[in-house]
Amino acid sequence: MKTTTDKSRREFLKSMAILGSGLVIPFHIVKGMGRGAAAAGVAAAAGNGPSFFAPNAFLTIMPDNTIQITLAHVEMGQGVWTTLPMLIAEELDCDWKDISVQHCPPDPAYNHTVMPLIITGGSTTTWSEFDRYRKAGATARVMLTEAGAHKMGVPVSSCRTENGYVISGDKRVSYGEVAIDAALLTPPKDVPLRKAGEWKYIGKGVKRLDTPEKVNGMAKFGMDVQYPGMLTAVVAHSPVMGGRPVSFDASKALRIAGVRKVVKIPSGVAVIAEHFWAAKKGRDVLKVTWTDGKGASFGSVDQAKRYREMASTDGDEAAKKGDVVAAMGRATKVVEGEFLFPYLAHAPMEPMNCTVKVTGGSCEIWTGTQMPAVDQANAAEILGISKENVKVNTMFLGGAFGRRATPESDFVSEAVEIAKASKEFIKLVWTREDDMKAGYYRPFFIHKVKVGLGADGMPTAWHHNIAGQAIMDREKKLFPLSGKIDGSSVEGVNDSPYLDSVPDHFVGLHSPKEVVPVLWYRSVGNTHTAYAMEVMIDAVAHAAGKDPIEYRRVLLKNHSRHLAALNLAAEKAGWGKGLAEGHFQGIAVHEAFGSFVAQVVEVSIRNGKPVVHKVTCAIDCGLAVNPDGVVSQMEGGIVWGLTMALYSEILLDKGQVMHNNFYDYKVLRMFETPVIDVHIVPSTEKMGGAGEPCVPPTAPALANAIFAATGKRIFELPIMKHFEV
Amino acid sequence: MINLNVNGKAFQVSAEPDMPLLWVLRDLLHLTGTKFGCGVAQCGACTVHLNGEAVRSCITPVSRAVGKRVVTIEGLSTDHLHPLQQAWLELDVPQCGYCQSGQLMSAAVLLKEKPDPTDADIDAAMSGNICRCGTYPRIKKAIKEAAKLQKENTHA
Ligand code: FES
Ligand code: FES
């Protein structure tokens, strides 16, 4: 904790922008927040001493008892709006009802505890903030207790805290009453944290703090930002990946009622209008000439061919032990698999959007983003102004799944370009089609796998080559690639627990470059690596004539957390016992983001197509801070995994994306959602994530169930491609 | 000028008759609870009630709403305590929340027409609403919970 300094001034100017219809958008402006200012923080309103108590950047207590909690991570559905306040409340002893929550401004004080930037991703929030947020609460409680004791004229040692009060005998003062006094104290250097046995919230859970506004239409997403004078921009992008606008004819567009301006920007041509509908109509009649760009010759069929060839040779070494070729020669049986994983679009429910206002030398941005400070820096660069002059207001994210974390801030940069070129206060809105076609997909991958078995049926040689674009890129400013291997292309294979017991193995990686932009997508590399590993293991177990669970148990004997998840899922699913006639099960287990998840999928075949009846899931994520939140992430992740496995693919032809909207990029719907049964392994092991680890096992467990039902091994996704009539 | 009745209030808007009701609600009346997800009647995020019927406002020209009662999520209940909203709170249904206005508006019509919906009724009524966060299992549970609450309320 930083100590209070005079220079440190944290100024919250709370404003309410009230629009014509009575719509209220609260926002705050943080002025002059240097690192110290944000981290320490006696506030001065009009320079007359503190008007509230902010012992650190994460917590402010107002004289009216409001507990304002500032999140260093963004709420995109995963529940941090509730989990992080739980951590503070656990130590602060405040009244849960007094808590109000906001996203942080792009100040380094809110940098991730293990990465040098503000980022929400990698399923890291809860474990990485576990100490920082608890300490924020504990520090405040110690200071409030001291101020309370002083006010009541009692020794500090006689005081305890409860529900927002400092209490001594029959005397009590509320936190609000002593907030200003506490603000004048020096924060203690180190504060003891409570033991697990004393926890009131952690591990028990509370209702989500964002639910009320998400059931009455009041939650504000980026898409909902509206201010007087703001216009809406819709952009025409090149139909061919990588194309750029040369010229345009806006004569028809400008005749549409409500259309104000048409401007060219690097990524396309923007139609700016009084509202979305006019802008969209304007774009529909806009004529643009494009350069074809590098993409014109790009097609998915050719890509698959090229990558298959690549994966037939050894790539850059990602893991190696012994001599795999020699060992393969000695194998009594060889099992092979060539897997294909298409490009995938994230397609969050809220299409990309961003509101930008440029005034003189400063800029204000409203958007849903996983990396606000990156967006701030990119905007500053486009405008040629300093970062400090760019304010970023992070709204609720209508889903993100990785899509709202592009190193080049694609849609934010586009909005800033439009504001710059048009000199208007604009909200950029992408249609679903824009969103679907603009790229930033989970990369396309081919895996070629060859497994040699010994006389006992256990694997003795594992030869595995992967071909796919790297997400990290040496040429990128952010997340540059060091060395040859992008870990996200091989995670889950090169560190697979199965390889531990395979004496000779090789994992190679080819990382071709393409015009199609790629990005992390919920559970990143594990979306394909878990599938390749878990389907292969199933195939190998089958070749060895063993039960797939028994076979895994042998291979995972030194991996207790994998085993715990595997065994719990198998037990709860009643593996192999009392299944309904015509029903079959498949299993998969995978570690990702520090958590271990096993799933059993139950299917039947109806009218020649697979029907998913039930998914049983077990997770060991260490301590589950908010167990119901973990369950809800598992449910959502399984639905996500089923969508991905059954339906998702993005194909391109001549550089054009062949998908438009949810009618040709299908996602799972209510009627095909199975029963989902989630169990948390009681665990005191190291904490892991929740938002992503749930995804990887679903697709392979489903494919393994389909194999059990049909004898058909599915090596290429999506699955439904193999069941078309 | 087009006259509209939204959530029991009269509004006058200047809009082309073919402008979708969704954009009239969002951009002209600033009722942003109704969401844009696809624009082509595929996702249900834009669901509102037109004379008590669930419609996709993204493909409903505003001219169709003239002379009818439009109800949006903001008007689902006066106190935000419609049995569905209560059940949604009770079961912590929303994740990102973006689809939930549409889910609630679809479910409200279902519950009015079928006070005791079966799983099949729920599947039929709710399969036009996409939730990319995958809250379907909780939505299903919450609809059943709301059905119970609704019964208790009418019997009370
Ligand atoms: S926005 Fe209307 S159904 Fe998707
Ligand atoms: S809660 Fe996010 S799309 Fe449904």
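The model is predicted. Chain B contains five helices and five strands, and its radius of gyration of 15 Å agrees with the value near 15 Å for a compact globule of 156 residues.

**Fold and dimensions of chain B**
- The order of elements along the sequence of chain B is β-β-α-β-β-β-α-α-α-α.
- The C-alpha trace of chain B spans about 45 × 35 × 25 Å along its principal axes.
- Of the contacts in chain B between residues at least 6 apart in sequence, 56% join residues at least 24 apart.

**Burial, surface and charge of chain B**
- In chain B, 59% of the 156 residues count as buried.
- Chain B carries 16 positive and 15 negative side chains, and the centres of the two sets lie 2 Å apart.

**Residues with positive phi**
- D92(B), a residue other than glycine, has a positive phi near 45 degrees.
- D92(B) sits in the loop between helix 2 (83–90) and helix 3 (100–113) of chain B, and counts as buried because its relative accessibility is 4%, under the 20% cut-off.
- K423(A), also a residue other than glycine, has a positive phi near 55 degrees.
- K423(A) lies in the loop between helix 11 (410–422) and strand 20 (426–429) of chain A, and counts as exposed because its relative accessibility is 71%, over the 50% cut-off.

**Cis peptide bond in chain A**
- L717(A) and P718(A) are joined by a cis peptide bond, with omega about 0 degrees.
- P718(A) is in the segment after helix 19 (698–710) of chain A.

Conventions:
Residues numbered from 1 in each chain as written. Chains lettered and ligands numbered in written order. Predicted model: local features only at pLDDT ≥ 70, side-chain atom pairs only at ≥ 80, totals over all residues. Heavy atoms only, no water. Helix = DSSP H or I, 4+ residues; strand = E, 2+ residues; numbered from the N terminus. Buried < 20%, exposed > 50% of the residue type's maximum accessible area, 1.4 Å probe, protein only. Rg over C-alpha atoms; globule rule 2.2 N^0.38 Å. Contact = heavy atoms within 4.5 Å. Lys, Arg positive; Asp, Glu negative; His and termini not counted. Charge placed at Lys NZ, Arg CZ, Asp CG, Glu CD.
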